[in-house]
Amino acid sequence: MADELVQGMKCRLCGKLYPKEPLNFCTDDFGPLEVVYNYEAVAKTLTRSAIQSRPNTIWRYRELMPIDGEPTVGIHVGGTPLVKADRLAKALGIKELYIKNDAVNHPTLSFKDRVVAVALSKAVEFGFTTVGCASTGNLAGSVAANASAAGLESYVLIPDNLEQGKVLGAQIYGAKVVAVTGNYDQVNRLCSQIAFRYGWGFVNVNLRPFYAEGSKSMGFEIAEALGWRTPDHVVVPMAGGSLIGKIYKAFKEFELLGLLNGPVQTKMFGAQATGCNPITNTVKTEANKVRPVRNPNTIAKSLAIGDPADGFFASKLMRETGGWAEDVDDDSIIDGMKLLAETEGIFTETAGGVTLAVTKKLIEQGKINRDGSTVICITGNGLKTQEALLGHMPKLTAISPTLVDFEALVGAAPAAELADATV
Amino acid sequence: MPVVRIPTPLRPHTDGQDSVESTGTTVGEVLGNVGTKYPALKERIFDDAGELRRFVNVYLNNEDIRYLDDLATAVAANDEVSIIPAVAGG
């Protein structure tokens, strides 16, 4: 119908149009399919005042989310804080800095709750009763939790070396968690075969065009929270490379709909771990093809995708917006996690350490202008990757419950306070 | 004979078969020979220059051929060549 908000899908390479169906690639050239909206119809109802009148979740941008009916899964997702990070800004030597904190997303503490809410709402519309995913950890927990809340059966496939918090954090929901020997890319290939063979709704395989659109909500929220403007720089962690493109797409959609106070002049920056850097390597070497990494080796396991599906488009975006990409080693990742926790009281997972450390590096390189506004996207929670910190924190030695032992540990109390204490 | 696995959405181009037997001693030959029999499949996996398209991944058994010798990777009689859409995951 002409007035439908979501018109169908379109191949990003050849432009061939497809109806709304569970299919992730163009059957002519294997190019990625992307959801097509009727922006004229969207503009009729998606105004600033309409958005502000709605609950603080991803669904306040409902017209730009690719479902036809009302959302049925992940009703409370999104609306995470954009924290003005003055203490961290000072530590990094820049003027204006914000943390988009998806470490506290609902219900599973990562940005994946956004994409899963959309993918599973769409899965229900398509009539799927079994859903699944290939995951480096966060997606596993989010699919498992949201599927159980929606009464869907779920199959979650993961590499067999993931952090305990991520494995238990998927199993608890009753999902069928399948550990696969090998790395994420091998898990992903298996899922591509399973999804179509079994006719299941795999959020990041056959439902991927819809799933990926959920990431736009992070960009919408950033622009709205900044007073309907976009920042000068955004730094985004990259695994498959989809999120960075969707945040930018969100900015451009708001611009197209006349919702912003000025044009989008944001430079997009991508962050990876040096132990798995196929996308940053493409940007830094100005290559045309993304060279996959056969054996990713980093503590940032949630970013350990050696063959990123959106690597090509992410690289292109960073070049075209005047941004850049960098990667950091494991020690820098831990330093990044500590810096964010110590300055802003936010405990992020290893991927957040990557993003923080890369931001620092880009500022030092002059790629990020110290006078501009910068948003750092924190996509996951540190409670899930505690293993990475083992050996990096002071070892605790218990004291007896006596003042003598306490003073021996921290030093004597200042004289003035002693006097007060005796009153 | 080596077998080529066809992704479900492309099976209309192979008379509905999920795998097709082929001949050849390299991945390039094996895919080329399947392509001769099913020209509609060939134009979908190779571009005009005869290169694999950007979003087509090819595996020999369990290994991505980009980590082997690409299309020159040697194929034995009982090997399986899989065509896998690259646009997944993340």
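Which strand order does the open sheet of five strands in chain B have? The points below take up this matter and several others in a predicted model.

1. **The sheet of chain B.** The order is E2-E1-E5-E3-E4, and the pairing within this open sheet of five strands is mixed. Strand E2 (19-21) and strand E4 (63-64) of chain B form the edges, each pairing on one side only. Within the sheet, E3(B) and E5(B) run antiparallel and are joined by five bridges. One position in this pairing may be inspected directly: B:Tyr59 stands opposite B:Ser82 of E5(B).

2. **Domains of chain A.** The assignment divides chain A into domain 1 (6-75 + 112-212) and domain 2 (82-108 + 215-388). Taken over C-alpha atoms, the centres of domain 1 and domain 2 of chain A are separated by 21 Å. Contacts between them involve 28 residues of domain 1 of chain A and 32 residues of domain 2 of chain A. On the side of domain 1 that touches domain 2, the elements giving two or more residues are helix H1 (39-45), helix H2 (48-52), helix H4 (112-126), helix H5 (138-150), helix H6 (164-171) and H7 of chain A. The residues on this side of domain 1 comprise 13 nonpolar, nine polar and six charged.

3. **Helix H7 of chain A.** This helix (residues 184-198) has 15 residues and reaches 20 Å from its first C-alpha to its last, close to the 21 Å expected at 1.5 Å a residue. Its buried residues are A:Tyr184, A:Asp185, A:Gln186, A:Val187, A:Asn188, A:Arg189, A:Cys191, A:Ser192, A:Ala195 and A:Phe196. The cover over the buried residues of H7(A) comes from both chains: it includes strand E6 (130-134), strand E7 (153-159), strand E8 (176-180) and strand E9 (201-202) of chain A, together with strand E3 (56-60) and strand E5 (80-85) of chain B. Following H7(A) is A:Gly199, with a positive phi near 70 degrees.

4. **Strand E11 of chain A and its partners.** Seven of the seven residues of strand E11 (residues 267-273) of chain A are buried. A:Lys267, A:Phe269, A:Ala271 and A:Ala273 point one way from E11(A), while A:Met268, A:Gly270 and A:Gln272 point the other way, and all are buried. Strand E10 (residues 233-237) of chain A runs parallel to E11(A) and is joined to it by five bridges; in this pairing A:Val236 has A:Gly270 as its bridge partner. E11(A) also runs parallel to strand E12 (residues 325-328) of chain A, with four bridges between them; here A:Gln272 has A:Asp327 as its bridge partner.

5. **A buried loop residue, A:Glu349.** Where does A:Glu349 lie in chain A? A:Glu349 is in the loop between helix H13 (330-344) and helix H14 (350-364). A:Glu349 counts as buried because 33 C-beta neighbours lie inside 10 Å. Apart from neighbours within four places in sequence, A:Glu349 is in contact with A:Ser302, A:Gly380, A:Asn381, A:Gly382, A:Lys384 and A:Thr385. A:Thr379 is 30 residues away from A:Glu349 in sequence, with a C-alpha to C-alpha distance of 8.2 Å.

6. **Backbone geometry to inspect.** Most residues other than glycine have a negative phi, and most peptide bonds are trans. The following sites may be examined with that in mind.

   - The peptide bond from A:His106 to A:Pro107 is cis, with omega near 5 degrees. A:Pro107 belongs to the loop between strand E5 (96-101) and H4 of chain A.
   - A:Glu286 has a positive phi, near 50 degrees, and is found in the loop between helix H11 (278-284) and helix H12 (311-320) of chain A. A:Glu286 counts as exposed because it has 8 C-beta neighbours inside 10 Å.
   - B:Asp70 has a positive phi, near 50 degrees, and is found in the loop between E4 and E5 of chain B. B:Asp70 counts as partly exposed because it has 15 C-beta neighbours inside 10 Å.

Definitions and conventions. Residues numbered from 1 in each chain as written. Chains lettered and ligands numbered in written order. Predicted model: local features only at pLDDT ≥ 70, side-chain atom pairs only at ≥ 80, totals over all residues. Buried ≥ 20, exposed ≤ 12 C-beta atoms within 10 Å, placed from the backbone. Contact = placed C-beta atoms within 7 Å. Pairing = 2+ DSSP bridges. Expected span 1.5 Å × (residues − 1). Domains from an automatic or database assignment. Nonpolar A, V, L, I, M, F, W, Y, C, P; charged D, E, K, R; others polar.
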